[in-house]
Every structure is written in C-alpha cells, then in structure tokens.
Amino acid sequence: MGSTKHTGRISLPSRPDPSLWVSKVPFGLNRIKPRHIRDTFKAFWDNRDQLPYAARILTQGVCDGCALGVSGLYDQTLNGPHLCTTRLNVLRLNTMPAIREEVLHADIDELRRLDSTALRKLGRLPYPLIRRKGERRFSRITWDEALNEIAAKIRSIDPKQLAFYLTARGITNESYYTAAKVARFLGTNHIDNASRICHSPSKTALKRSVGIGASSCSYKDWIGTDVLVFWGSVAANNQPVSTKYMYAAKRKGTKIIVINPYYEPSMDQYWIPSIAESALFGTKLTDDFYQVHIGGDIAFMNGVMKHWFEMEEADPGSAVDHEFVRVHTNGYEELRTHVMAQDWALLESSSGLSRERMGDFARMLAAAKSAVFVWSMGLTQHRFGTDNISQVANLALLRGFLGREHCGLMPIRGHSGVQGSGEMGADPFSLPGGEFKGGDIERIERLWSFPLPKWQGDIVGVSLENALLPEEHERKLKVFYTSGGNFLETMPDPEFVERCLADVELRVHQDIILNTSTLVDAKETVIVLPAMTRYEQPGGGTSTSTERMVYFSPEIEGPRMPEARAEWAIYVDLAARVKPEAKHLIGCEDAFAIREEIALAAPNYDGIQHLRHRGDVFQWGGAWLCEGGNCPTEDGRGTLLPIELPELRKPEGHFYVTTRRGKQFNSMVYSETDPFNGADRYDVLMNELDGRALLLREGDAIVVYNRYGAFHGRVKWERIKEGNIEVHWPEGNVLIPKGVYEPFAGIPEYNTTVIVEKAETYHAFKDTKYVERRIEELETESG
C-alpha cells in the first residue's frame, strides 16, 4: 500500500486574510446562513438533563456523525478543537431518556401519526418489544423470549431466506465484523450495509481502476494541493468540519473547484465557527463552479480528456504525464482512441457545458502539479455510478495525481461507521480483509473453523424485493434482521418498500429509537431489540474514517438503558441459540477478543488489537495508497478505462430531477428550513428561466410527477443548471423508480426525468386522460 506515515497535525496561520472574507459585516448578519452559536446553545439546552454526560461524549468519544474522524474535540489534520452542529444534533440520541411506557405501548395508529423526527424525540428504546399480526400495540418481552423466538424462526427456514442489514448509525467495526461472521455462521450471505446506497460504486470503481477500496490520500493532502475538486459533494453541509480544511487549503493558495448542477451556497461561502476571522466575516471557499447537467459528468470528463489529447497533438507533454502513464498504467491508447472519437456537440449537450468551459477545466488541471478529487453521492447515486468514478480515476492517472503528497482520490464518507462496514465483511461481495471469492473464502474458513455459504448473496434492495417472491421460492425473504435503517425514507418508491417490509414473516429491528419502518406490520411478527450506543459498549469500540484512520472510542461513564445490549453481543447470543451445538466456534467473547480476531482476518487492520485507550488511533495503508504510483493490482498498474456516455433521454418539456440534503443527517431531519438557502422541505429548486418559460412565479404551488409518483411542492428560484430541478431527500423519493440498480455496485438510481406543472392545472385535469397521456411520454426515458 504505502510506507510513508501520516506526519500529524499542522497549525492554521495566526494572522487573518481579509482577501478571503465574505463581508465586513460581522457574523453574516441579515444573510441566509447557519446560526452556529444559536444551534450550539440549542444543543446544550436539549441535553440540559445530561450535560455532564454529553460533555464527556464530546470530549472523550469519537464523533458518531460524519467520517472526518474527530476523537474528542481533535482530529489528525489540524491543531485546535473542532465541533460542528451536525455532531451536536446527533448528540441527543445518546443522552435521551427512555420512551415513556404509555407512549411506547400506545395504539399503533397513534404512533403512526408521528413522523420519524417526532418518533426520534420520544426517546430511547428501553427493553425488547414484540407485536404479532393483528395486535394493536407493542408488548414487552424478555431478552430470552425475543432471541429464542428469532432463533426458532431462523432454524425453520432456508438460510437463503434470511437477510441482515446494518446501517451506519454509530455502529462500530466490532459490530460489523461480528454480524458478518454470524451471518455466515448461520448459513446466509445476504448481509449488506449502508454504503450500498452511498459509496458502493466508489469501492467498485477504485478496485477495478487502481486496485484499492478506500481513499488513496489523507485530509492533509487538501492543504497545499494546487487544485481541490469537489465532485457532486456538498462537504460544507454533510461534513462541516471539512470547511476548516478548505480554509487551510485556501490559505496555502489551493484553488477549490465545485462540479455540481446546483451552485451550492454552502460551498461558495461559509462562516466557520471554530476560526475567529471566519466566524466573524465568513470565508470565500470556491474559486469556480462548473454546473453540469444531472448525469452529465461522464460527458464532461470525456470533454476534458479530449482537450488534453488535442493539447498533446499540438504540444506533447503539455497535458498528460507520459512517464507516469508509461510506468504505472495500462490502456492509454484505447482510452485516447475512444475519447478522440467523441463528438463535441454530443459532449456539450450531454454535459450541459460548452467546449470552452470544459477547456478551462482541462487547462487548469494540465497546469497543476498536484490535485485531489473528492466526490460523494452526486457521482455515485446513478445507474452508471461506477463508470462515473472510473472516469475520475482516469483523470488522476493521466496526470499522475496518485500515490504522492497533495494528490489523490477521495470518496468522502458521510458517516463515521460506514468505511469499516465492507472492510469487516458486512457485505454480500466482501469478507474481512478481502472479497467473497476463491482464496479469501478459504482463508476465512481456516480462521473461523466453519464452512461459508458458497452462493452469492443479494444486495439489500434485492433482498427486500425478494419478500414478494412466491411462497415456495428458496430466496423468498422470510426473516429480515436490520440494525438501524429506515427503508421507507432511504429507498426509492416508499409505497413499494412498505409492501415488501409488510410481506416479511419476521422482522427484527435492532436499534436505539423507533422510526417509521419499525411500525410497519409484518406477515407474522415484529421484534424490536434495544441496542447500546457506541459510547455504552463494554470494552469500547472502533470506527474507520474516510482517510482510513482507525479510532478507538472508549466506553463513557453515564446513564444506561438497563436492558440495552452491545450490538455485537446480541449477534453472538442469537447465533448460539440458533446453533447451540456449534456455539464454541463463534468466539467474539468481548470487544478485546473481537479486535484481536479482526487483526488476523483483515491484515490491513493489524494494529487494531492494540487500541485500548482514549485517543488511540492508527492509519492503515500509510499516508497514501498506491504510493509512488504502484497499485495493488496483479501487475502493479492502474487501468485507464474507455467509458461510454450514458443514455440520457429527456423528452421535450421534461426536467432531470435529483435529490439533495437540507438541515439533516442522513435521513434524520433537524429543521424544516435549509439554513443555506432558506428552502423548506417541499420547495422545488428551479432555474428562474425554466420557471418563467412555464409561466411560473416563485412560490407557486406545483406538482412534479412522472409514472412513478407525484411530488407536491412550491417553486423556489435558485442557481441550478437549466433543465434540472432538485427536491429534498427523502421527501422526493416518491419520484424515483424502484428496482433500478447500478450493474456493478448495486446502488439504486436516485435520478430520473419529470414533468413540472402548476398545481391548479394538474388537479384540474387529474381525473381525465390528460395526465395519463403526459405520463405516457415518459415511457421512452431510460431507467
């Protein structure tokens, strides 16, 4: 991987730089922006009943928010304390009291009147619960009763009818590893995790392009690189502490570029609360925005490379690092031939950018000696997500931006637990430290001393759909065991997902709170198991950040749910009840034993067994993967891949639509108003020129619809690429087609085409053939 070690924290400049200020008016008064001071006081008020415990979590624990990796108040990138409102918003999940019994055992329809935000505020799950078919309320049961019933049901079905899922909700590497082991011990390979719907294409593409499954560089490489590119990533909103790294990069002269259909306000200007001058006067972050069409990134990147190859014809060496390409890559001529055959008119129409604008980006990167590419779900959540990421890898390989300081490929993670999920084997295509194939299966079988199922497991979306298979089908989902997760609010077509959840015979929800999925009926039984948070788990736990830092988070003294259990301990107990004759093979007796075993099962994690105290951390793979350009592939080279343009058919009068996040953490919404643009959850972000062409005015009630569903909202003018609109996630998921998965990584498609119409027009004709005819036009669209 790499021999160079991370060199530790650096300091920010001590003197201010007024050239980066947004305004001389202090604190951004009268601007639409987050109110960090107000939000901080609100968080303290919300936790006023447990302030000492909340303070210990913040100062001793590893953040259970995004995957930047803040341990206590410090990270490995910059000196000084870090604290963001995202972490403060999540904090209350750890300090809440138990749900009151009269509420917990209320009629199910009373609970169903609450949305997930209201359900979350009810408090923690205090003890195991059960609700059988036809019962109107949850009943309390003992742990023995709950686990014995689950075990009996698992014994009665084919292992292919059992599926596990783990969200990223503060879940530790220890829990992911134990779940992966227990699933295979029980004979199933249907186990999946939250990265399936966020960064699964990143891992798949990086594996095939450069042989790695994680970020190739560290956050420190942002600071001093020539160019820092954010591709379909709103890091300022989703990973707020990253704005400090952007500030540090700007102070070093780094150019920051954003490629996104929407001119995201938070990526343009930000008031960073832990930097005095920025908190007062704001910081101008981005040097340039490239507003592509939704789904237009592949065309844009082909255009950039076409410019490079044309520059090479005129002046060899002016755009491509030929020495790096010659020594460290395969496929150069095939890629060049493919790209040069691309038609400029098609590239412009598909990308939404002119040849000249693509040239601006191409020339800037050609002149740069270093660059870091950062991306998120704007690139991954497409039916061609893997191809999107391989295109980014193509750019890096052609310029040699890999395996050295201030260079790299970084799929930035949105949750502190999710990087380790696949690396621990909680994935149908992965095992701890390897893939679910050949030699890795044999290696893990030797370590675990029991045979693994040899059939390929399903991704979580397919597992859910399998609940609707005929009764006699061997893969009909009959038991679904989910640790966290709310599929009604994360998957496309929520009504279809609800039918799938309701057709499962036994659903187990292992969680710390209720959500709307928990309340869906099951064919036979719903069992709810109360889990500990990461800060309550005996022996502590570990999580892996975006930059591959493995952090230890200790058990923190404080109040406890008396009957809550560590997630990994629940899996172990269940496995022993399903197969008592083989329970000695499970191991995983405590957190220390699990970490010892992880070090053996996943060689990159050798060192995790030594993490025992607050602040303990190590980075697997060194500062840079593919150091010196040497990739962990069979021949040590990266692969340049010719990528075809995706078919983006948009009938006349239609719009591309995608979803975005507001003031929320994953699907947990914390405010009805987006602090960066003032939009509410049902505002539809639209270019004013598009709206005027439809005779719309800002604030008009509209219906956004297609053959999958209808979204009722209001027009809000924003700086979004013409022909594109954005709606909030998960509210906008009603528009997204079900069952459309990226072929390599299995991520659901979260983009489609829609009609936008005045609400009065839509409703005036909704009972006639008019709307049906309009929807029929969409039948020609792809995916």
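This is a predicted model: local features need pLDDT of at least 70, side-chain atom pairs count only at pLDDT 80 or more; totals for chains, interfaces and linings use all residues.
Helix α3, formed by residues 85-95, is largely enclosed by the rest of the structure, since 10 of its 11 residues are buried. The buried set consists of Thr 85, Thr 86, Arg 87, Leu 88, Val 90, Leu 91, Arg 92, Leu 93, Asn 94 and Thr 95. These buried residues pack against both helices and strands: the helical partners are α1 (36-46), α2 (51-60), α6 (116-121) and α10 (235-238), and the strands are β23 (664-665) and β24 (668-669).

One of the strands packed against the buried residues of α3 is β23, and Gln 664 is located in this strand. Gln 664 has a relative accessible area of 7% and is therefore buried. Its side chain makes polar contacts with the backbone at two places. The backbone nitrogen of Gly 662 is reached at 2.7 Å, and a polar atom of the Gln 664 side chain lies 3.0 Å from the backbone oxygen of Trp 729. When residues up to four places away in sequence are not counted, Gln 664 touches Val 669, Tyr 670, Arg 681, Trp 729 and Pro 730.

A polar atom of the His 654 side chain is 3.0 Å from the backbone oxygen of Glu 652.

Tyr 263 is another loop residue, placed between β6 (255-259) and α12 (265-268). With a relative accessible area of 18%, Tyr 263 falls under the 20% limit and is therefore buried. Leaving aside neighbours within four places in sequence, the contacts of Tyr 263 are with Asp 268, Phe 289, Gln 291 and Arg 719. Tyr 290 is 27 residues from Tyr 263 along the chain, and the C-alpha atoms of these two tyrosines are separated by 8.5 Å.

Two further helices were examined as a packed pair. Helix α8 (residues 173-185) packs with helix α26 (residues 591-601) at an angle of about 70°, and their axes are 10 Å apart. The two helices are therefore roughly perpendicular to each other. On the α8 side, the contact is made by Asn 173, Glu 174, Tyr 177, Thr 178 and Lys 181; α26 contributes Ala 591, Ile 594, Arg 595, Glu 597, Ile 598 and Ala 601.

The buried residues of α18 are Met 358, Gly 359, Phe 361, Ala 362, Met 364, Leu 365 and Ala 366.

The structure contains zero disulfides. For Cys 63, the closest cysteine sulfur belongs to Cys 66 and lies 5.6 Å away; because a disulfide requires sulfur atoms within 2.5 Å, this is too far for a bond. Cys 63 counts as buried, with a relative accessibility of 6%. Cys 588 is also buried, at a relative accessible area of 2%.

Conventions
Residues are numbered from 1 along each chain as its sequence is written. Side-chain values use heavy atoms; hydrogens and water are left out. A polar contact is a pair of N or O atoms within 3.5 Å; within protein, one must be able to donate a hydrogen and the other to accept it, and residues adjacent in sequence count only if both atoms are side-chain atoms. Buried means under 20% relative accessible area, exposed over 50%, partly exposed in between (1.4 Å probe, protein chains only). Helices (H or I, at least four residues) and strands (E, at least two) are DSSP runs, numbered from the N terminus. Contact means heavy atoms within 4.5 Å. Axes are lines fitted to C-alpha atoms, for helices over the stretch in contact, and angles run from 0 to 180 degrees between N-to-C directions. Angles under 35 degrees count as roughly parallel, over 145 as roughly antiparallel, 65 to 115 as roughly perpendicular and the rest as oblique.
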